[in-house]
Amino acid sequence: MKLKTCLLTPLLVVVYVLHQDFWNWKEAYPLIFGFLPIGLAYQAGYSILAAAVMAILVRTAWPKHLENVEAEVREPKGERL
Amino acid sequence: MIPVIVICIYLVIIGVIGSLAYRKSKANTEDFFLANRSVGEMVFFLSLFATNMTAFAILGSSGQAYRQGIGIYGLMASSSGFVIPLTIFFIGTRLWALGKRFGHQTQVAFFRDRWECDTIGTVIFALSTLMLVPYMIISIMGGGTVLAHLSDAGGTRPPIISYPIGCAVVAVVVTLGVFLGGMRGTVWVNILQTTLFLCFGAVAVVTISHALPGGFGEYIAKLAGDPKTSFLVTRQKMPPQAFWSYTLIPLSSIMFPHMAIMCFSARRVTAFKRTVVLYPLAIMLIWLPCVFLGVLGAATLGKVADADGILLLMLEKYAPVWLAGILGAGIISAVLGSDAHQVLALSTMFTKDIYQHYGGREKYGEKAAVHFARAFIIIVTLAAYIIALELKAKQGIFEIAIRYAFSGFAALAPVMVAALFWKRSTKWGALAATLFTAACLIYFALLQNFGHPGDVIWQIGQGKDAIKVLFLNPRGDVSFWNGFMTVVPMVFGSAFSMIAVSLLTRAPSAATIAKYFPKQGTVSVGRATEPPPAVEQYIPKAA
């Protein structure tokens, strides 16, 4: 297995597991920024983490070979939307 | 009256964009259904996002948060923000490449070619259509309800736009946009729509915060301090099993025909890069304010008759009327954006997977296919409109249908994964997984309709140690293994059917495997060692 796969697979699993924040289940406090209950703030932070993980995936595991398909087939006629 | 005027202006703009797209259109199906596969990066993101966001993201999320609290965000939004971009990254990009190379315009065309079998495509087509139609009907119902809400001056007078007229407005605007502009018109309109509803949440939060003298913190502390309402700012009433089960639901996204068809429309595969990174943030921008305001509504407005209207009630109370109009347009945007893609997807599937596949194009030509698609759009929207009026009182039935449709599409995800990544997968495996999904949907829907809350269908053991394998929970929803949602057995059962039956049956031909899985050193999807034949060569066979 490639090193990249060995590192990225556990990363994805850990991020998936982090979604289940059982430690915040019955907690409302602290209120983040003075008004966001901790459970909601954590999950909002999780969304930002998800975006960061996607950025890592795009940088390190992008299926570059698919870009070659563009070269193989003709370009679509007409303007780009 | 002002909100109605603002919404009317918005609808006129939508109509103008649709007609401009019509002028640019060409009389072939690739242009009509996929905008000639020419959608650029940012437009692709905005349009794909609009495809997936319904009115539920704004009204339903705040309504559910009003009833169940902040947990709704983690339950539906943050898990989607992780799983949906993952599916777009791994599956969407591969679908794009296959569409580009082999000319596929729908998932069904791909499945038929991948497993050398018409039947599997037809079965998946029938199941997808059955699961998509209620979704489309409820979009029209939602649009009618929103327009009636926004035009009744907070319930002080009968609505200027009644429910039937509201439904008609949504149906006509969607039909015109899709009929005239096809995918191009829909995508152009999505730019405006997504921008509007992405701004919606932040504007609503800022406006309402200015209108509340004590600030948000005071109200949240009030909710947390009262034992009767403290569950709204925690997840104490939310079963952890349901919370985890929901992480499987976003697998449905890529299996929705309108989402898959969007993936075929991108000009370059690099369009997916920005989409997968921005997707979680965009979901947060919409859901976080709506969930928060839904919870806040419980503190500021107390008990309301219609929880799903909580956001509209807050806007009416705390926002100036003109702003309420613009925000209302944001909500309508969500309705129209997804509904247009659903209508277009149904039209694409009927035209490509049924009409053309069974010889329509050879008989009547390419231009006639576009006419067929347009006629179909009118018929299907008219039918949805009539159903939306006739069965308004039975809206709950459609909501149940959609709930199971999400599970159903999620259960079809293993079929797609196998088609793309597992050489040994067979048509029989795919057929078994699809039939398993259909059987589960029918069985669970019957249980939900004819059972009673608390009914236990299957239990292992007795007394305190008993494990309830299949039962109806106190709310009447079918549940599995002490509280997991039905999506869990459906997804794992479908995956098991796919694997087991594939291993027991004959693999696809070497030619097909070589076509979809070329040897090492070449591209894993859609790249052959020799230069490929022109796209057109595949079209009659594949589409």
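Helices, of at least four residues, and strands, of at least two, are DSSP runs numbered from the N terminus. In those terms, the elements of chain A follow the order α-α-α from the N terminus on. The model is a predicted one. Chain A is in contact with chain B, and chain B itself is divided into domain 1 (2–18 + 32–390) and domain 2 (401–522).

- Chain A has 3 helices and 0 strands.
- Of the 81 residues in chain A, 23% are buried.
- The contact between the chains involves 39 residues of chain A and 57 residues of chain B.
- On the side of chain A that touches chain B, two or more residues come from each of α1 (3–18), α2 (38–60) and α3 (67–72) of chain A.
- The element that gives the most to that side is α2(A), with 12 residues.
- By class, the residues on the side of chain A that touches chain B are 23 nonpolar, 9 polar and 7 charged.

**The two domains of chain B**

- The C-alpha centres of domain 1 and domain 2 of chain B are 25 Å apart.
- Domain 1 of chain B brings 27 residues to the contact, and domain 2 of chain B brings 30 residues.
- On the side of domain 1 of chain B that touches domain 2 of chain B, at least two residues each are supplied by α5, α6 (107–114), α7 (118–150) and α10 (240–245) of chain B.
- Of these helices, α7(B) provides the largest share of that side, 8 residues.
- The side of domain 1 of chain B that touches domain 2 of chain B consists of 21 nonpolar, 3 polar and 3 charged residues.

**The largest nonpolar core**

- The largest nonpolar core has 203 residues, and Ile58(B), Trp287(B), Val291(B), Val295(B) and Ala410(B) have the most contacts inside it.
- Helix α12(B) gives the most to this core, with 20 residues.
- The core lies between domain 1 (2–18 + 32–390) and domain 2 (401–522) of chain B, because both give residues to it.
- Leaving aside residues up to four places away in sequence, Trp287(B) touches Ala57(B), Ser61(B), Tyr73(B) and Ala77(B).

**Helix α4 of chain B**

- Helix α4 (residues 59–68) of chain B is mostly covered, with 8 of its 10 residues buried.
- The buried residues of α4(B) include Leu59(B), Ser61(B), Gln64(B) and Tyr66(B).
- These buried residues of α4(B) pack against α5 (71–102), α12 (271–300), α13 (310–318) and α14 (321–356) of chain B.

**Ile326(B) in helix α14**

- Ile326(B) lies in helix α14 of chain B.
- Ile326(B) counts as buried because it has 20 C-beta neighbours inside 10 Å, the cut-off for a buried residue being 20 or more.
- Ile326(B) and Phe200(B) are separated by 126 residues in sequence and by 8.5 Å in space, C-alpha to C-alpha.

- Strand β1 (residues 456–460) of chain B lies largely in the open, because 0 of its 5 residues are buried.
- Strands β1(B) and β2(B) (residues 467–472) run antiparallel and are joined by 4 bridges.
- Ile460(B) is placed opposite Ile467(B) in β2(B).
- The hairpin has 6 residues between the strands, and Gly461(B) takes a positive phi near 85° there.

How values were computed
Residues are numbered from 1 along each chain as its sequence is written. Chains are lettered from A and ligands numbered from 1 in the order in which they are written. This is a predicted model: local features need pLDDT of at least 70, side-chain atom pairs count only at pLDDT 80 or more; totals for chains, interfaces and linings use all residues. Two residues are in contact if their C-beta atoms, placed from the backbone, lie within 7 Å. Ala, Val, Leu, Ile, Met, Phe, Trp, Tyr, Cys and Pro count as nonpolar, Asp, Glu, Lys and Arg as charged, and the others, Gly among them, as polar. A residue is buried if 20 or more other C-beta atoms lie within 10 Å of its own, exposed if 12 or fewer, and partly exposed in between; C-beta atoms are placed from the backbone. Two strands pair if DSSP finds at least two bridges between them. A nonpolar core is a set of buried Ala, Val, Leu, Ile, Met, Phe, Trp, Tyr and Cys residues joined through C-beta atoms within 7 Å. Domain bounds come from an automatic or database domain assignment.
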